[in-house]
Amino acid sequence: MTFNWNDRTPLHIKPEELMPDEKHKLIKSDVFCILPWIHLSPEPGGEVLPCCISKTVVGDSKTTSLQEIWNDTPMMEIRKAMLEDKPVAGCRQCYERETSGYPSLRNGCNRTYGHHVKRTKGTLRDGRLPSMKLYYWDVRFSNICNLKCRMCSSNYSSRWYDDDIKLMGGSARLQVNMAGRDDRDMWDQIQEHIAYVEHIYFAGGEPLMMAGHYEILERLIEMKNTNVHLTYSTNMTELKFKSKSVLDLWKQFPKIGVNASLDDMGERASIIRTGTDWAQVEQNIRDLKRECPHVDLMIAPTISIMNIWNICKFHHYLVDQKLMEPDGFNVNLLQGPPHYRIDLLPMDIKLRLKQQLEQHIEWLRPLDPTQRSTVQFEGVVAFMMATDNTSMLPDFWKQTDGLDRIRSEKILDVIPELRALEQYR
């Protein structure tokens, strides 16, 4: 059955069970999001966000508990604005995606967690919500990572530490950043929520390299709460941590989704996400498919100015090599850092890529039962064509040339299509 990505009807509560104002929030509102009532997102550097893509910092986990942040002024103001049907400045990434017809986190969460909409009734006039219950976790214990992707920074990768210093001068923050007041703080704070958590999203850094990730899985197994939905954003370079095999643990959880952050193949993969061993990644995918066939594996490329040229060939390669089904592409649209966005491209190049992408979409459409990947590709085209940001191309070259210099890399040797943009240096 085709899945309508623009359908806002909640999945786990019947529409007739909703009050009129609840229906408006979940189905009609262009600003309401359920997450501020069920979720907080602690970042590795200490910043706490209302969700992982928000631009609003609502607290500092290095100095303040999640319980205190839950009802501090920034979170209260977000809830109050949403209940008054007013846009929230930090939510612009979702608004921008929705304008392009691209699936947004806001709409997805309203569908998935809409059954918690009745929690809004307990919100006080000032936006305070006395009961903090984290039904959805976004777990980013630290920035520990074995790669240094070009679009990343030391905020999310410990491997970026030296490069940040070389690029910016002075000193970057600590090489290894951990959320919370010490290395056990986040774990201690989420303990009380573990009995009823519905969904845990593991990201990082690289979550499969973090001890806290394995501790959570082992605790869930011990509590016989293995029906929780687990999802991952992982670079698929490591499936073991010390003596622990993540595949052995995953066999005990029936609902797992893995988004493999892979932008391209071979040398292209290695220069975009420096440190990638493509042969090892392919072997890990095959091992996962063989040992844990119940895992919903998606290849999740981040579409940027670096991989837009080869993304269709990459998709075909993965299908031809039986590493994924045609509809297993979960396209992540890069919106920041801004100098890597695909709407920086000049119009003549956009038009050529648009034709290439539209031909790819026509190949994909009959092979995509839910139209999930198809709609995402259509959103990529709409996003690329919507805005002219060629004025930011000098920023792209400044960052690119800097990374080439300090990493002794030559991106033009690996992605020669970028030569068409050299006039904008």
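Modeller: Helices (H or I, at least four residues) and strands (E, at least two) are DSSP runs, numbered from the N terminus. This is a predicted model, in which local features need a pLDDT of at least 70 and side-chain atom pairs count only at pLDDT 80 or more, while totals for chains, interfaces and linings use all residues. Residues are numbered from 1 along each chain as its sequence is written, and side-chain values use heavy atoms, with hydrogens and water left out.

Biologist: Why is S408 called exposed, and why is D85 called partly exposed?

Modeller: Buried means under 20% relative accessible area, exposed means over 50%, and partly exposed lies in between (1.4 Å probe, protein chains only). S408 has a relative accessible area of 70%, so it is exposed, whereas D85 has 37%, so it is partly exposed.

Biologist: What makes T374 count as buried, and which residues is T374 in contact with?

Modeller: T374, whose place is in helix 14 (residues 372–386), has a relative accessibility of 1%, which is under 20%, and therefore counts as buried. Contact means heavy atoms within 4.5 Å, and, leaving aside neighbours within four places in sequence, T374 is in contact with I361, L364, R365 and D368.

Biologist: How do you know that the span of helix 15 is close to the expected one?

Modeller: The expected span of a helix is 1.5 Å times one less than its number of residues. Helix 15 (residues 393–407) has 15 residues, the expected value is 21 Å, and the reach from its first C-alpha to its last is 21 Å. Among its buried residues are L393, F396, W397, T400 and L403, and the buried residues of this helix pack against strand 5 (148–149), helix 6 (161–168), strand 11 (273–274) and helix 16 (411–414).

Biologist: How do you know that strand 4 and strand 6 are joined, and which way do the residues of strand 4 point?

Modeller: Two strands pair if DSSP finds at least two bridges between them. Strand 4 is joined to strand 6 (residues 199–202) by four bridges, so the two count as paired, and they run parallel; D138 stands opposite Y201 in strand 6. In a regular strand the side chains alternate between the two faces of the sheet. In strand 4 (residues 136–139), Y136 and D138 point one way, W137 and V139 point the other way, and all are buried.

Biologist: What makes strand 1 and strand 3 edge strands?

Modeller: Three strands form an open sheet in the order 1-2-3, with antiparallel pairing. Strand 1 (41–42) and strand 3 (59–60) each pair on one side only. Two bridges link strand 1 to strand 2 (residues 47–49) in the antiparallel sense, and S41 stands opposite L49 in strand 2.

Biologist: Why does the radius of gyration of the protein chain agree with that of a compact globule?

Modeller: The radius of gyration is taken over C-alpha atoms, and the globule rule is 2.2 Å times the number of residues to the power 0.38. For 425 residues a compact globule would have a value near 22 Å, and the protein chain has 21 Å, so the two agree. Along its principal axes the C-alpha trace spans about 55 × 45 × 45 Å, and buried residues make up 56% of the 425 residues.

Biologist: Which peptide bonds would you call cis, and what is omega for the bond between G204 and G205 and for the one from G336 to P337?

Modeller: The bond that joins G204 and G205 is cis, with omega about 15°, and G205 has its place in the loop between strand 6 and helix 8 (211–222). The bond from G336 to P337 is also cis, with omega near 0°, and P337 lies in the loop between strand 14 (332–333) and helix 13 (347–364).
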